[in-house]
Amino acid sequence: EAGDPYLARPTFAVFSAEATLALAPDLVVADRWGPSETAARLAEAGVPVLVLERLECLADVRAAVGGMR
């Protein structure tokens, strides 16, 4: 749908540290199936990485991030 802010967000064909770091994130939320090397590289660069064991929907992300408070 035109004007949907979700569609304006960056997307990645591959989860790579360089592309992610270029966005200067405060936090990266990843699933356990992603490349562990990428998560390690992000952590080495000082970016907090939250790896979720269960990531099936946006509610899973909200619950995990909400539990970080």
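**Terms set against their definitions**

Trainee: Why is Ala 24 called exposed?

Mentor: Ala 24 has a relative accessibility of 59%. A residue is buried under 20% relative accessible area, exposed over 50% and partly exposed in between, with a 1.4 Å probe and protein chains only. The 59% of Ala 24 therefore places this residue in the exposed class. Ala 24 lies in the loop between H1 and S1, and its phi is positive, about 50°, although the residue is not a glycine.

Trainee: On what kind of model do these values rest?

Mentor: The model is predicted, so local features need pLDDT of at least 70 and side-chain atom pairs count only at pLDDT 80 or more, whereas totals for chains, interfaces and linings use all residues. Numbering starts from 1 along each chain as its sequence is written, and side-chain values use heavy atoms, leaving out hydrogens and water.

Trainee: How many helices and strands does the chain have, and in what order do the elements run?

Mentor: There are three helices and two strands, in the order α-β-α-β-α from the N terminus. These elements are DSSP runs numbered from the N terminus: helices are H or I with at least four residues, and strands are E with at least two.

Trainee: What makes the β-α-β unit right-handed?

Mentor: The unit consists of S1, H2 and S2. A crossover is right-handed if, with the strands pointing away from the viewer, the path from the first strand over the helix to the second runs clockwise. The unit of S1, H2 and S2 is right-handed, which means that its path runs clockwise in that view.

Trainee: Why is Thr 38 called buried?

Mentor: The relative accessible area of Thr 38 is 10%, and this value therefore puts the residue in the buried class. Thr 38 lies in helix H2. Not counting residues up to four places away in sequence, Thr 38 touches Phe 15, Ser 16 and Ala 17, where contact means heavy atoms within 4.5 Å.

Trainee: Is Leu 21 buried, exposed or in between?

Mentor: Leu 21, in helix H1, counts as partly exposed at 25% relative accessibility. Leaving aside neighbours within four places in sequence, Leu 21 is in contact with Arg 41, Leu 42, Ala 45 and Val 47. Leu 21 and Val 47 are 26 residues apart in sequence, with their C-alpha atoms 8.3 Å apart.

Trainee: What makes Glu 53 and Arg 32 a salt bridge?

Mentor: The term requires a side-chain nitrogen of Lys or Arg within 4 Å of a carboxyl oxygen of Asp or Glu. The closest N and O atoms of Glu 53 and Arg 32 are 3.5 Å apart, so the pair qualifies. The pair links distant parts of the chain, 21 residues apart: Glu 53 is in the loop between S2 and H3, and Arg 32 in the loop between S1 and H2. By this rule the count comes to one salt bridge. Glu 53 is exposed at 54%, whereas Arg 32 is partly exposed at 46%.

Trainee: Why can Val 65 belong to a surface patch?

Mentor: Patches are made of residues with over 30% relative accessible area and no salt bridge; like charges are joined within 9 Å, and nonpolar side chains (Val, Leu, Ile, Met, Phe, Trp, Tyr) within 5 Å. Val 65 has a relative accessible area of 32%, so the residue passes the area criterion. With Leu 27 and Val 29, Val 65 makes a nonpolar patch of about 180 Å². Val 65 lies in helix H3. Accessible areas come from the Shrake-Rupley method with a 1.4 Å probe, and for residues only the protein chains shown count as cover.
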